[in-house]
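Good morning, and thank you for joining. I would ask you to look at the structure on the screen while I go through several of its features in turn.

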Amino acid sequence: MQVETGVNLKPYNTFGLPAVARSLVRITRDADVRAVVDHPKLGRASKFVLGGGSNIVLTRDMPQVVLKIEVRGNRLVERREDAWIVEAGAGENWHEFVTWTLDQGWPGLENLGLIPGTVGAAPVQNIGAYGLELAQRFESLDAVDLVTGRSVTLSGASCGFGYRDSVFKHALAGRSVIMRVRFRLPRPWQPVLGYLDLERKIAQTGITAPSARQIFDWVCAIRRSKLPDPAIVGNAGSFFKNPLVTPEQCRDIIGRDPEVVHYPMADGRVKLAAGWLIDSCGWKGKTVGKAGVYEKQALVLVNRGDAIGSEVMTLARAIQESVYGKFGIRLELEPVVV
Ligand code: EPU
């Protein structure tokens, strides 16, 4: 095990925020985690698991031991009658993994194309887009416990998936290192086309029975048209969760502004588009310090060049206050703030 010290994390977070890790260990296999757990000094220190760095806001240097996950490898685990079971190392790039499954002829993840980050980070926030959530394609994952050093396998039920949420943000936060994730891709394949943007593509192109590859291409085109590429403009994807409100609250908001974008949920609650709420408070395209609100999607905060984490948080708080002032809704942050 090699311990690197004083590591600049700017290249390791998609927002491009500066922060120094006092110590960093690269993890490629379970034994690497056990070596950290058993280490006389590092074993007792608190740990921070870093994946693709696409869902974090670094506001300070990190006294924790940073475990940078670099577990590689994709494989077909099993070809069942009703599904392909496919596995990827936690350090694999998510989008490259999705592309690989499609290239192999195993569709099912196409709606989740072009989401930044790593495979290992995907279950933590139960990534979702264009009508599909990771939880719907999840089989199981392997993790190493940071206290005992033991390897464990978790089923979907043990992961406690919710909207942009899982047990890894709660009971297992800072406790578990995800090493490999397995996906269940149902056979026969069924397209997921219910999302408005995809319905629009069908109407525009006249392609009523798109292939998985076609859906993937549409999803990538939609994302490119409204979300910034982190390789060019630093960002962490959606900065706030879409809030869930009661039907009464929703009626009250419609009373204030009948245009509010809202979606009724299966459990009776209503999901509001946070991007719309922020947009209607006039934030789209605005800049405060070196942090800004993306011009094409108000839910995404961006680095206008050399921003620091505290500037991003100042902007985020100002947005939260103005949305609360206008609509009485408290927006929750989506990325993990460190
Ligand atoms: N809208 C506005 N103004 C804006 C932004 C959005 O009026 O500035 C309106 C749009 O016109 C649309 C509605 O709000 O009617 C929803 O917008 P969109 O379809 O772009 O999706 P979203 O709710 O803003 C969510 C996810 C995204 C995911 C997309 C597509 C969350 C927090 N965000 O965004 O996920 O890609 O749906 O499924 O759930 C992420 O988590 O990082 C992320 C990008």
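This is a predicted model: local features need pLDDT of at least 70, side-chain atom pairs count only at pLDDT 80 or more; totals for chains, interfaces and linings use all residues.

The division of the protein chain, which comes from an automatic or database domain assignment, gives domain 1 as residues 3-69, domain 2 as 74-186 and domain 3 as 234-337. Domains 1 and 3 are in contact: 12 residues of domain 1 meet 17 residues of domain 3.

Let me turn to the start of the chain. M1 sits in the segment before β1, the strand of residues 3-8. Which residues does M1 contact, once its neighbours within four places in sequence are left aside? They are V25, D32, A35, V36, H39 and L42. By contrast, 48 Å separate the C-alpha atom of M1 from that of L277, a residue 276 places away along the chain.

My next topic is helix α4, residues 196-205. Its buried residues are D197, L198, K201 and I202. Why do these residues count as lying on the same side of α4? The reason is that they cover an arc of only 145° around the axis. As a general point, an α-helix has 3.6 residues a turn, so residues three or four places apart point the same way. The partner of the buried residues of α4 is α5, residues 212-226, against which they pack. On the face turned away from the buried side, α4 carries the exposed residues L196, A203 and Q204. Just after the helix, G206 adopts a positive phi of about 75°.

I come finally to the second largest pocket, whose volume is about 810 Å³. It is lined by 41 residues, and the closest to its centre are F48, V49, V124, F168 and V336. How does the lining divide into nonpolar, polar and charged residues? There are 21 nonpolar residues, 14 polar and six charged. Among the elements of the lining, β3 (47-50), β5 (62-69) and β12 (176-186) each supply at least two residues. Which element gives the largest share? That element is β3, with four residues.

To close, I would recall two points for discussion. As for the second largest pocket, F48 and V49 are among the residues closest to its centre, and β3 provides the largest share of its lining.

How values were computed:
Residues are numbered from 1 along each chain as its sequence is written. Side-chain values use heavy atoms; hydrogens and water are left out. On a 1 Å grid over the protein atoms alone, a cavity is a set of points where a 1.4 Å probe fits but cannot get out, and a pocket is an open set with protein on both sides within 12 Å along at least five of seven lines; lining residues have an atom within 4 Å of a point. Grid points are joined across faces, edges and corners, and a volume is the space filled by probe spheres set on the points. Ala, Val, Leu, Ile, Met, Phe, Trp, Tyr, Cys and Pro count as nonpolar, Asp, Glu, Lys and Arg as charged, and the others, Gly among them, as polar. Buried means under 20% relative accessible area, exposed over 50%, partly exposed in between (1.4 Å probe, protein chains only). The arc is that of the directions from the helix axis to the C-beta atoms. Contact means heavy atoms within 4.5 Å.
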